[in-house]
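This note is intended for a colleague who is meeting the structure for the first time. Please read the numbered points with the model open alongside.

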Amino acid sequence: GLGVVSQYEAFVEEGGDLTNVDPATFVWKMARAWLGRRLWQDGIGVVPDRDSEYERVRIDPMGLSRGRTLLCWALQRLAHTEADWVSLESFLTRLFVDTEDLGFNFFWGDSYAWDPKISLAKKKDKESDDRRRLAYWLDDEGTWAANALWVTLYTMGLIERGRFNSRDYFRLTNLGRAVFGAPEAVMAEVATERRFLVVQPNFEVTVYVREMQGQDLQRILPFLTKTETAGGEVQGFRLERERVYQALEEGLSLEEIHARLTEHAREAIPQVVERALREWSGKRESLILRRKVGVLIIDKTTC
């Protein structure tokens, strides 16, 4: 996508603090920048800067900008309602009806990464009159709009995806409602309880980056080891005895380590993990270091 997650990871690794950044303002500026991106085509990716109408992965920049503007307009309207989950096909159909006279169309559009499998679009050649125009639009411009929602705006954290009864649905997130509904819609208070990790019985720890804040990673890094599979929206870590020993030596207590895990865990910590943490801490505490002690050696053969 737009590399939002990788930018977040780089920011945190450099010691950045996101606690004082207004997320609604930050993402609003990203959405404003997205409206005019010529070389980023939703559902296709980055394309060369060329204006030939005969390139299959080249959407006319003006048409693309117009489409994004109208899609944002529809989402702004949605943000000012009390609607929760919305059918993707119903939303796209309403978008077509309300914007058909505004010239929202593309020359090419059969190379998108995600196929929403809209039922009406699949039988477009069997329809007639108004439904035929809608079916062709859903198979082209509608598929682009679906990719913009499911890929770009989802990556920005503005929508949430769902699937019920074999149909695709979406809804604006708390952040998305504030961005598209601004200035009337104000983002509600976010719960302070953030549960973004899962501890497995095999000591693997899965961390969901999207649900974290800047300081959260710093709270768990002292006693976790990053695995090679880490990357993207889901980070992989592991609880290891040596790493826990190191955290204990640096001043963390077993109670603090356990508290940080349970505070952010989506599920209960497995008993095998809790038992291992107690054993590791107990073995460390059982070691006693004495200084300036004399040692008496007795040779029994001379007695």
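1. Basis of the note. This is a predicted model, in which local features need pLDDT of at least 70 and side-chain atom pairs count only at pLDDT 80 or more, while totals for chains, interfaces and linings use all residues. Residues are numbered from 1 along each chain as its sequence is written, and side-chain values use heavy atoms, with hydrogens and water left out.

2. Overall make-up. The chain has 12 helices and nine strands; these are DSSP runs numbered from the N terminus, with helices being H or I of at least four residues and strands E of at least two. Of the 303 residues in the chain, 40% are buried. Here buried means under 20% relative accessible area, exposed means over 50%, and partly exposed lies in between, with a 1.4 Å probe and protein chains only. Among the contacts in the chain with a separation of 6 or more, 62% are between residues 24 or more positions apart; a contact means heavy atoms within 4.5 Å.

3. Strands β4 and β5 run antiparallel and are joined by six bridges. Two strands are taken to pair if DSSP finds at least two bridges between them. The hairpin of β4 and β5 has two residues between the strands, and N165 there takes a positive phi near 50 degrees. Strand β5 also pairs with strand β3 (residues 86-87), in the antiparallel sense and over two bridges. In that pairing, S87 has Y169 of β5 as its bridge partner.

4. The structure holds 11 salt bridges, each defined as a side-chain nitrogen of Lys or Arg within 4 Å of a carboxyl oxygen of Asp or Glu. One of them links E160 and R171, whose closest N and O atoms are 3.0 Å apart. Because E160 lies in strand β4 (residues 159-164) and R171 in strand β5 (residues 167-172), this pair ties together parts that are 11 residues apart in sequence. Both ends are partly exposed, E160 at 32% relative accessibility and R171 at 23%. R163 stands opposite D168 in β5, and the side chains of R163 and D168 meet in a salt bridge with an N to O distance of 2.8 Å. D168 is buried, with a relative accessible area of 15%.

5. The open sheet. Four strands form an open sheet in the order β6-β7-β9-β8, with antiparallel pairing. Its edge strands are β6 (197-199) and β8 (225-226), each of which pairs on one side only. Strand β8 is joined to strand β9 (residues 234-238) by two bridges, and the two run antiparallel. K226 has F237 in β9 as its bridge partner.

6. Helices α3 and α8. Helix α3 (residues 61-79) and helix α8 (residues 174-181) pack at an angle of about 110 degrees, with their axes 8 Å apart. Axes are lines fitted to C-alpha atoms, for helices over the stretch in contact, and angles run from 0 to 180 degrees between N-to-C directions. Residues C72, L75, Q76, L78 and A79 of α3 meet R177, F180 and G181 of α8. Elsewhere in helix α3 is G63, a buried residue with a relative accessible area of 4%.

7. Helices α9 and α11. R219 forms a salt bridge with E263, the closest N and O atoms being 2.8 Å apart. R219 lies in helix α9 (residues 214-220) and E263 in helix α11, so the pair ties together parts that are 44 residues apart in sequence. R219 is partly exposed at 24% relative accessibility, and E263 is partly exposed at 37%.

8. Leaving aside neighbours within four places in sequence, H264 is in contact with R194, R195, F196, L197, D216 and R219. The C-alpha atoms of H264 and D216, which are 48 residues apart along the chain, are separated by 8.9 Å.
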